[in-house]
Amino acid sequence: MNTLERRTFVAALRAAKRDAYCRTVGGFVIVRMSDGSIDWFPAGQPPHRGGEPDRRATILGKWRWNHKRWSRIA
């Protein structure tokens, strides 16, 4: 992961951790989309762009909320 990808990853991680919906559903996943961009999705939602699923997206990490803090699970 190069420096720009790392910065994008950290920005996505911070945004997802602040999102109340991610806490409500209990987690989120950060993925690298097939076009190379990095994005995050709440638990239970498949990676998608404009409603169309991205079947070639690569999971970079998963986090869950344990009612006190975030913990990485994969």
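User: What makes the set around Phe-9, Ala-12 and Leu-13 the largest nonpolar core?

Analyst: In this predicted model, the largest nonpolar core has twelve residues, including Phe-9, Ala-12, Leu-13, Ile-30 and Trp-63. A nonpolar core is a set of buried Ala, Val, Leu, Ile, Met, Phe, Trp, Tyr and Cys residues joined through side-chain atoms within 4.5 Å. Buried means under 20% relative accessible area, with exposed over 50% and partly exposed in between (1.4 Å probe, protein chains only).

User: Which elements give two or more residues to this core?

Analyst: They are helix H1 (3-18), strand E1 (27-32) and strand E5 (58-65). H1 gives the most, with four residues. Helices (H or I, at least four residues) and strands (E, at least two) are DSSP runs, numbered from the N terminus.

User: How do you know that E1 and E2 pair?

Analyst: Two strands pair if DSSP finds at least two bridges between them. Five bridges join E1 to E2, so they pair. The two run antiparallel. Arg-32 stands opposite Ile-38 in E2.

User: Why are E2 and E6 said to stand at the edges?

Analyst: The open sheet has the order E2-E1-E5-E6. Strand E2 (38-42) and strand E6 (70-72) each have a single partner strand, so one side of each is left without a neighbour in the sheet.

User: What does Ala-16 touch?

Analyst: Ala-16 touches Cys-22, Phe-28, Trp-40 and Trp-70, not counting residues up to four places away in sequence. Contact means heavy atoms within 4.5 Å.

User: Which limits apply?

Analyst: Local features need pLDDT of at least 70 and side-chain atom pairs 80 or more, while totals for chains, interfaces and linings use all residues. Residues are numbered from 1 along each chain as its sequence is written, and side-chain values use heavy atoms, leaving out hydrogens and water.
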